[in-house]
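Colleague: Hi! Could you walk me through this model? I'm new to reading structures.
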Amino acid sequence: MSNKFLYIRSKLPGLRKVFYAFFGILVFVLISKLFNFSVNVAKEDETYQDYFNAHYKIFGLNLPKDLNFSGEIVPLNDFSVREALDRELVINTYWQSQTLLIHKRANRWFPVIEPILKKYNIPDDFKYVPLIESGLSNLISPAKATGYWQLIESTAKIYGLEINEEVDERYNVEKSTEAACKYFNESYNKFKNWTLVAASYNLGMGGIDNQLNKQKVSSYYELLLNDETARYVFRLLATKEIVMRPKAYGFLMRKKDLYPPIPTLEVYVDTTITDLAGFAIEQGFNYKVLKIFNPWLRKNYLTNKEKKRYKILFP
């Protein structure tokens, strides 16, 4: 064994001590850093929570002291009525994006809907029906209810709307509003109560009549109904409240934030149009504009075998 090897062996215990000391210092430093990190994180979380509490607020809502639908008093002294209304007010107040869009769209479409309701002697409050039915959008429900008023095909045809492969007047706001008004008047002749008329728009006249007879009551507010119909009138009431008094529910909008009504030019046709894109260009517009203003035209042509007179709108 060489002297050099003996020398290294004699140094090993000292090297081990140095290594253990270094390792111990390293562990201590790491533990200290972890401790300081956790302390800093805790302080940051505490500061953040204080800031959150100071700046983020969700408020309970004051319920209106009195409320009516189409002149019919809402019995707010009934706790079940108050709580049902409170639920819909909370949902629509804090579903800000949808409620903002409803405000914007209502400003455009109420001037179209209101005169038609008046023409058919329907209370003005029914203008809120398409807001809760479709958000004033041309939706198609899982049950195939279509358009702003969410009419199913059979009902729409009963009240005079044309529906085929080329034309679907449920997408025509004026004509679908007239169809809804005819339904409302028929329902009112049956129930003599506008609140029940509104509920029947969701459940059907037969469905409401059946429940009134089965439960031996005469008021919507006394009925035990499926969840959708039980909420329906309260959704109408909440939407009416928020749209009429937006500031009371935290919605601050400038006039320029709302969608303005768009004046339209009426073009009448009673012949076949083989190419609606070409027809739109002839009028000085394009196919996109034609479809935005006339979504009831479902194809890119209009056969019109019966030579009906159609009104096509352009801005």
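Colleague: Is Tyr220 buried or exposed?
Modeller: Tyr220 is buried, with a relative accessible area of 4%. Buried means under 20% relative accessible area, exposed means over 50%, and partly exposed is in between (1.4 Å probe, protein chains only). One caution: this is a predicted model, where local features need pLDDT of at least 70 and side-chain atom pairs count only at pLDDT 80 or more, while totals for chains, interfaces and linings use all residues. Residues are numbered from 1 along each chain as its sequence is written, and side-chain values use heavy atoms, with hydrogens and water left out.

Colleague: Thanks! Which residues is Thr195 in contact with, leaving aside neighbours within four places in sequence?
Modeller: They are Phe69, Glu72, Tyr220, Tyr221 and Val233, where contact means heavy atoms within 4.5 Å. Thr195 lies in helix 7 and is buried, with a relative accessible area of 3%. Helices here are DSSP runs (H or I, at least four residues) and strands are too (E, at least two), numbered from the N terminus.

Colleague: And what does the side chain of Thr195 make a polar contact with?
Modeller: Its partner is the side chain of Glu72, at 2.6 Å. A polar contact is a pair of N or O atoms within 3.5 Å; within protein, one must be able to donate a hydrogen and the other to accept it, and residues adjacent in sequence count only if both atoms are side-chain atoms.

Colleague: New topic: how many aromatic pairs are there?
Modeller: The count comes to 19 aromatic pairs. Rings of Phe, Tyr and Trp (its six-membered ring) pair if their centres lie within 6.5 Å; planes under 30 degrees apart count as stacked, over 60 as edge-to-face and the rest as tilted. Trp109 and Tyr148 form an edge-to-face pair, 5.5 Å centre to centre with 85° between the planes.

Colleague: What does that pair tie together?
Modeller: Trp109 lies in helix 3 and Tyr148 in the loop between helix 4 and helix 5 (153–158), so the pair ties together parts that are 39 residues apart in sequence. Trp109 counts as partly exposed at 23% relative accessibility, whereas Tyr148 counts as buried at 9%.

Colleague: What about the rings of Tyr220 and Tyr221?
Modeller: Their centres are 5.3 Å apart and their planes at 80°, so that pair is edge-to-face. Tyr221 counts as buried, at 12% relative accessibility.

Colleague: Let's look at helix 9. Where does helix 9 bend?
Modeller: Helix 9 bends by about 30° at Val233. The bend is the angle between axes fitted to the seven residues ending there and the seven starting there.

Colleague: What should the 18 residues of helix 9 span, at 1.5 Å a residue?
Modeller: They should span 26 Å, and the end C-alpha atoms of helix 9 (residues 227–244) are 26 Å apart, which agrees. The expected span is 1.5 Å times one less than the number of residues.

Colleague: What do the buried residues of helix 9 pack against?
Modeller: Their partners include strand 1 (68–69), helix 2 (79–94) and helix 7 (194–203). Among those buried residues are Tyr232, Val233 and Leu236.

Colleague: Last one: where is Cys181?
Modeller: Cys181 is in helix 6 (residues 173–191), and at 0% relative accessibility Cys181 counts as buried. Leaving aside neighbours within four places in sequence, Cys181 is in contact with Ile116, Leu117, Tyr120 and Ile122.
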